[in-house]
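User: Can you walk me through the charged pairs in this one? After that I'd like to look at a helix.

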Amino acid sequence: MNRTAEMSDRSSERAMLVLTFDLQGETFALEADLVREVLDVAPETAVPGAAPFVDAVINFRGRVIPLADLRLAFGMGRSESTRDSRIVVIEHELDDEPALIGLRADKVHEVTSVPLSDTEDAPSVGLRWRADFIRCLAKREGEIIVVPDLAQIFATRGGAVGTVVPFAQT
Amino acid sequence: MSQSDPVAIFRQEAQDLLEQIEQGLLDLAHRPGDRDLVDAVFRGLHTLKGSGAMFGFDALAAFTHHCEGAFDRVRKGQALASAELVAAVLAAQDHMRALAEGREASIEEGEALLARLHAAVEAGGGAAPAAAPAETTYRIRFSFPADALANGTRPLPLLDELRELGACDVRALTDQVPPLAELAPADCCLGWEVVLTTAHPPSAIEDVFIFVIDDMKLEVEVLEADEPAAERAPAVVIEAAPDAAAQAAPAAAGKAARGGESVRVPAERLDELMDRVGELVIAQSRLTQLAAGSADPQLRNVSEEIERLAAELRDTMMVVRMVPVGQLFNRFRRLIHDLARETGKDIELVTAGETTELDKTVIERLADPLVHMIRNAADHGLETAEQRLAAGKPATGHITLSARQAGAEVLITITDDGRGIDRARVRAKAVEAGLIAADAVLADNDLLQLIFHPGFSTAQTVTNLSGRGVGMDVVKRTIEGLRGALEMTSEPGAGSVVTLRIPLTLAIIDGLLVRVASARYVIPLAAVEECVELSPEQDLRSTGRQLLNLRDQLVPFIRLRELFGAGTQPDPYQKVVVVATGQERVGLAVDQILGDHQTVIKSLSSFHAEVETFSGATILGDGGVAMVLDVPHLVAAGQRQDARLRAAS
Amino acid sequence: MASVLTVDDSPSIRQAIKIALGAAGHEVVEAGDGAEGVAKANSGAFSLIITDLNMPVMDGLTMIRTLRSQPSYAGVPILFLTTESDDGIKAEAKAAGATGWVTKPFQPDQLVRIVSKVLAA
């Protein structure tokens, strides 16, 4: 079953409601009903030894939740923190359990409706990103919006290999 | 279904009763003559039947009725509590459990169980069951004084009771009813004549009226009876009533003395309460911080007071959730009984330290791993009686479960005196499974640890008992999920010991807050032995092999800033926190020790649960997050580092 | 309306009685065995006691006899719960001082009616 058909089971008949945000100049979108809150950047605590894709945690309303960087999943470098930087807290399944996860974003735009007719599957070749990390691409006003496949990204820990810092011989 | 719903309460009650009955039966198997045990089992069955009938569990009530009947006969001395009878009722437990849970239970199975039960009772029975008495027909006439209704007498329930004795033909006698004009409506002017055919004795008829007999007229006549002497004067019968059966109060249920009241609380409420206490501790620690920075003495006073109260509340909560481990151990008595039968081996379960207490949630999570390990011991560890005798051991194999508290942990051991672990077989299996190279050299401990590796199984044949794919690796993961640890030792020919170390509490611990570069970490205080200084000279000198000389003992130490890739320069006067797990110690070099911190441990998401160095995270007074170090893991890492450095030099 | 003490080692039965009589406006206090029943009876003033007979620690008949020997409860109505197979128990219970009985299983409204009748007498 192609992914566009999958989506039509879950979202409304004719359009998806999404939150759009920027990562290193590219526009991404998430289903709006996953989003719990959008935070200004919060103090982070590093987790040495974790996968680089999710190398820190934050305090979100008394809970310690992981902070994930989708940029690493899409082969981009890390960004500097700016006044526009945000953390988008979503609720998503992680290893079959519901979990709260924070996603870094360079800039958050708005919640918008994307008609399904404007979406298409990611092409299997010619894309500089991993095809399995992308649920679909949407076109809006001439630009391409990437809808990431969060389940796959999370399951593979962002596809990155290795740890944050070299452990001293242990 | 709310918790105050009697049906929900009954379900829980039924489980408790079935457990009590089972324990009683198991004890009875050892002491068949013990009257108190017989009474206790009877009472349990009686209550189960009565309450079951109350709440619609008719199949359960009907089935239990038979078991109760069998035990009633034992109680009355008409049958013996033979081994077969006990086994028959034990076998019926699962069927009753299924009925109590509302699950489908096979009718054929039920009948087979009852047949077995009856056979057991007959075989051990003294008096043969009385043949069904013939039915007799009685004519019963009764009437009440006029003011009976006003005094609360109600004829209808009495008629209902008569109907329960047998087929009835009821006729109202209206000869005493005055004309309407003279009738006082509240007067009772009716009489009744009932023709009753029943197998019950006449005393049963009198019993119906026993509470009202003083204020009424009653005649009971046998119709077409052989014996002309009908019992007509109820008063006479009542005097002869079996008052003589001086029923001695059944003794208290054996050992368990009821000391003090207790209240049942659903586990979810305890969990909620625990969460609230956790949040309170966090808020209180923020208050303490704020107060420390304030010049207002009143604020500081209140803050100290709240700190004290929060600590006490937290301690109380810990205790509230604690449950003696004996509860868990008792469940295994039945398991051993079944295992012994299934394997054909002679197995005895020995328990020690039943009063040791553990957090309720932890006990629940330990149940499955313990079952698995006991099955393992019974299936693979213990030899058959012949094998044992041939090896010069007593024919009965022993499995010992013991629990004891050691500091902030509880140690639970499962010991068997069986054949021990065959190292050669473990090696072969590990090589076959690709876990180690054929020529790898392993310390004995490491070899045994392979058993806990996923994909490993020492069973040559997958037996019914332990080959369910549950595996020792799942056991290990479950224990680690409780932030505990698993150790195993084994002596060929003598047996094996598995030791579980479980932290006393899951949620709140006392921690030592430390700083490494710009990040803060928490070290569980229970694991901390001492803190010493690390001077710059010592630091330089020990780059070759990182050891501290601690009162003439060499203790390896790990520089946490290296471990965590801090990058910046260390503080001039670092500290080393010496932590220990069991016999092994390691020093953790940190930049600064910030002080004690009552830590509400938050578990980490799956992303970070994989990072073994940390067992959780905590929220500090200023809202920041500190990772909580997993001491056993760091200790092991330190040992490995030291071994490597030693090998290299 | 009335203060009722229910004595039974089965928590589900106690709860069923509490709900049934509570709905009828009575105040219900629970005890889990005869000894607790005596203790509670003596620390309160009850208009009616409903008790099971088969209980650990102290059974119902002993409790009834104990209470009947006290002036405070010599005249208070005491009902006992019985199942059909409790042969001969009614005579014994009467001799011990019971006022009446309720057969198990019972419907809530049956219980309420019996209680009303007993309290009105």
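Analyst: We'll take salt bridges, then a helix. Keep in mind that this is a predicted model.

User: How many salt bridges over all chains?

Analyst: The count comes to 45.

User: Which residue does A:D40 meet in a salt bridge?

Analyst: A:R86. The N to O distance is 3.4 Å.

User: Why does A:D40 count as exposed?

Analyst: Because its relative accessibility is 55%, and the cut-off for exposed is over 50%.

User: And A:R86, what's its relative accessible area?

Analyst: 24%, so A:R86 is partly exposed. Buried would need a value under 20%.

User: Next pair. What about A:K139 and A:E120?

Analyst: Their side chains form a salt bridge too, at 3.1 Å from N to O. A:K139 lies in strand 11 (residues 134–140) of chain A, and A:E120 lies in strand 10 (residues 119–120) of chain A. The pair therefore ties together parts that are 19 residues apart in sequence.

User: What are the accessibility values there?

Analyst: A:K139 has 47% relative accessibility and counts as partly exposed. A:E120 is also partly exposed, with a relative accessible area of 36%.

User: Which residue does A:E143 form a salt bridge with?

Analyst: With A:R140. The closest N and O atoms are 3.9 Å apart. A:E143 itself is partly exposed, at 33% relative accessibility.

User: Which residues do shared partners join into one network?

Analyst: A:E44, A:D55, A:D69, A:R71, A:R78, A:R104 and A:D106. Salt bridges that share partners link them.

User: OK, switching topic. Helix 4 of chain C: how many of its residues are buried?

Analyst: 6 of its 8 residues, so helix 4 (residues 89–96) is mostly covered.

User: Which ones?

Analyst: C:I89, C:K90, C:A91, C:E92, C:A93 and C:A96. Lys and Glu are on that buried list, as C:K90 and C:E92.

User: What covers the buried residues?

Analyst: Parts of two chains are included. From chain B there are helix 6 (155–165) and helix 7 (202–208). From chain C there are helix 3 (60–68), strand 4 (78–82) and strand 5 (100–103).

User: What comes just after helix 4 of chain C?

Analyst: C:G97, which takes a positive phi of about 120 degrees.

Definitions and conventions. Residues are numbered from 1 along each chain as its sequence is written. Chains are lettered from A and ligands numbered from 1 in the order in which they are written. This is a predicted model: local features need pLDDT of at least 70, side-chain atom pairs count only at pLDDT 80 or more; totals for chains, interfaces and linings use all residues. Side-chain values use heavy atoms; hydrogens and water are left out. A salt bridge is a side-chain nitrogen of Lys or Arg within 4 Å of a carboxyl oxygen of Asp or Glu. Buried means under 20% relative accessible area, exposed over 50%, partly exposed in between (1.4 Å probe, protein chains only). Helices (H or I, at least four residues) and strands (E, at least two) are DSSP runs, numbered from the N terminus. Contact means heavy atoms within 4.5 Å.
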